[in-house]
Amino acid sequence: MDRIESYFPDLLREVREFQKLAEAENPELLFLWDELKLVLDNQFIDTATQIGVARREKMLKISAKATDTLDERKFKLLARYNENIPYTLRALHGQLSMLCGEKGYRLEINYGAFTLNAKLELTNKKNVDVVGEMLERIVPMNMLLKVELLYNQHQLLQKFTHEEMRKYTHLNLREEALGDG
């Protein structure tokens, strides 16, 4: 926001009384503009502050862990707001794609055994619990649900030389998202 004197006509900018008036009102107006921007930012999850996220969590009865970052808390809110009971497999894929990315998950469905196995890529490791909670709410009750990580496999690791892999522990090679060697 511009300072208030920028809105004065040229003639009044030179008057000492109006200069003093602007000097007194500018701090208050700037404060109001900052507060208005905060209110507008908190209207949307992407731009929300700690206060806006906490307010939405309270409304949706979501409890945040003390270790959760603001982005993780926003992810939980987005997951809750975007969940609808999908009556089609396409809708379920759409929800998972929105949360995990197009290639960030795999679904294995066995209709005969009534099982649904969702495997998330390691890049979504922090969000496994949130995705699992969402699936618990939307997958039909007669299906056995399993949510797990899709660990690194040999075909990914064969791109790396032994020297490059020496930087990692066996646990890291299995459970961490690795770069393109």
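Colleague: Which residues is D68 in contact with, leaving aside its neighbours within four places in sequence?

Modeller: This is a predicted model. In it, D68 is in contact with R73 and K76, once neighbours within four places are set aside. With K76 the link is side chain to side chain: a polar contact at 2.6 Å.

Colleague: Where does D68 lie? Is D68 buried or exposed?

Modeller: D68 lies in the loop between α3 and α4 (70–81). Buried means under 20% relative accessible area. D68 has 16%, so it is buried.

Colleague: Now the strands. How do β1 and β2 run, and how many bridges join them?

Modeller: Strand β1 (residues 105–110) and β2 run antiparallel, joined by six bridges.

Colleague: What joins β2 to strand β3?

Modeller: Seven bridges, and here the strands run parallel. β3 covers residues 144–150. T115 stands opposite L144 in β3. From β2 the chain crosses through helix α6 (residues 128–138) to β3, and this β-α-β crossover is right-handed.

Colleague: Why is β2 largely enclosed by the rest of the structure?

Modeller: Count its buried residues. Five of the seven residues in β2 (115–121) are buried, so the strand is largely enclosed.

Colleague: Which elements have the lowest and the highest mean pLDDT?

Modeller: Helix α7 (residues 154–157) has the lowest, at 54. Helix α3 (residues 50–60) has the highest, at 92. The protein chain averages 83, and 81% of the residues score at least 70.

Terms used: Residues numbered from 1 in each chain as written. Predicted model: local features only at pLDDT ≥ 70, side-chain atom pairs only at ≥ 80, totals over all residues. Heavy atoms only, no water. pLDDT = per-residue confidence, 0-100. Helix = DSSP H or I, 4+ residues; strand = E, 2+ residues; numbered from the N terminus. Buried < 20%, exposed > 50% of the residue type's maximum accessible area, 1.4 Å probe, protein only. Polar contact = N/O pair within 3.5 Å; in protein donor to acceptor, adjacent residues only side chain to side chain. Contact = heavy atoms within 4.5 Å. Pairing = 2+ DSSP bridges. Right-handed = clockwise from strand over helix to strand, strands pointing away.
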